[in-house]
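Biologist: I am new to this structure and would like to go through it step by step. Please show it before we start.

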Amino acid sequence: MLTTRVKICGMTRPEDAALAAELGADAIGLNFVRGPRRINFERAGFILDALPPLVSAVALVGESALAKEAQGELPHSLESLLYRGQRRTVFSTFQVYAENPPVADFEKLPETFSWWWVVSIEERESLSILAEVLDEFDLCPPAALLLDAAIPGQLGGTGQTFNWHWIAEAREAGELEGLPPIILAGGLTPENVAEAIRIARPYAVDVASGVEVAGKPGVKDAVKMRDFIQAAKSV
């Protein structure tokens with residue numbers, strides 16, 4: 001039986017990333033967009049250096065950053081993170097926050113790169129039209145869809161959930177057939193992640209604030225990370 005994969009997002013400290021990997025996280029997320037967990041490229045380098053092999057690092061970007069990457073116009077500091085040593089790719093996955101992702105730019109990305117599209121879920125109908133919307137990306141489809149609660153002006157880590165039963169209903173109606181794997185985000189905690197997985201049956205779950213020290217965005221709580229990962233992988 002396949003277990004649900006776990007991504008711990010909004011990493012700001014190397015020691016937290018190393019511990020998340022030790023506890024069994026499959027991936028971590030580094031925020032280059034906005035919000036209290038946004039980090040600069042220098043700090044990202046320290047976090048990446050702390051990761052063991054086979055733990056994925058996902059770069060959270062806005063549409064403009066990815067467009068620049070596709071055109072080869074990266075600032076040197078970010079380029080040094082994408083390509084180290086013998087042109088070794090560090091970030092191969094981009095988590096894109098954009099209402100209208102730049103399709104033409106995605107087509108220019110190397111085949112070794114992939115992107116996830118963050119979709120804000122406001123109502124049940126947000127899921128019923130996903131297949132229609134994804135038709136626009138037939139030449140460069142996202143590798144996954146990250147479904148998060150729609151909170152105006154905020155980029156994840158809000159601690160807010162949406163109705164997970166909507167995903168179950170959409171699957172039952174056949175509306176998710178042929179879509180990329182679903183990553184569930186938004187308000188997940190060690191206490192509710194198992195229930196969320198049973199209801200929504202996602203490929204992976206993504207958590208930020210739910211495993212943090214209270215009142216300290218970006219600072220992860222070791223016990224919460226352990227309990228979250230164990231709960232997610234026990235379902």
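This is a predicted model: local features need pLDDT of at least 70, side-chain atom pairs count only at pLDDT 80 or more; totals for chains, interfaces and linings use all residues.

Biologist: In which loop is the place of Ala208?

Modeller: Ala208 is buried, with a relative accessible area of 12%. The place of Ala208 is in the loop between β10 (204-207) and α10 (222-233).

Biologist: Which residue forms a salt bridge with Arg37?

Modeller: Arg37 counts as buried at 8% relative accessibility. The closest N and O atoms of the salt bridge are 2.8 Å apart, and the partner of Arg37 is Glu212.

Biologist: How many residues apart in sequence are the parts that Arg37 and Glu212 tie together?

Modeller: Glu212 is buried too, with a relative accessible area of 5%. Arg37 lies in the loop between β2 (27-31) and α2 (41-50), and Glu212 in the loop between β10 and α10, so the pair ties together parts whose separation in sequence is 175 residues.

Biologist: Is Arg124 buried or exposed?

Modeller: The side chains of Arg124 and Glu169 meet in a salt bridge of 3.3 Å, N to O. This pair links distant parts of the chain, with Glu169 in helix α8 (residues 165-172) and Arg124 in the loop between β7 and α6 (125-128). Buried means under 20% relative accessible area. Arg124 has 17%, so this residue is buried.

Biologist: Why is strand β8 (residues 144-149) largely enclosed by the rest of the structure?

Modeller: Ala144, Leu146 and Asp148 point one way from β8, while Leu145, Leu147 and Ala149 point the other way. β8 runs parallel to strand β7 (residues 114-121), joined by 6 bridges, and parallel to strand β9 (residues 182-184), joined by 3 bridges. The strand is largely enclosed because the number of its residues that are buried is 6 of the 6.

Biologist: What is the charge of the surface patch formed by Glu107, Glu132, Asp135, Glu136 and Asp138?

Modeller: Glu132, in helix α7 (residues 130-134), is exposed with a relative accessible area of 60%. Glu136 lies in the loop between α7 and β8 and counts as exposed at 53%. Asp and Glu count as negative, and the patch they form here is negative.

How values were computed: Residues are numbered from 1 along each chain as its sequence is written. Side-chain values use heavy atoms; hydrogens and water are left out. Patches are made of residues with over 30% relative accessible area and no salt bridge: like charges are joined within 9 Å, nonpolar side chains (Val, Leu, Ile, Met, Phe, Trp, Tyr) within 5 Å. Accessible areas come from the Shrake-Rupley method with a 1.4 Å probe; for residues, only the protein chains shown count as cover. A salt bridge is a side-chain nitrogen of Lys or Arg within 4 Å of a carboxyl oxygen of Asp or Glu. The place of a charge is taken as NZ of Lys, CZ of Arg, CG of Asp or CD of Glu. Helices (H or I, at least four residues) and strands (E, at least two) are DSSP runs, numbered from the N terminus. Buried means under 20% relative accessible area, exposed over 50%, partly exposed in between (1.4 Å probe, protein chains only). Two strands pair if DSSP finds at least two bridges between them.
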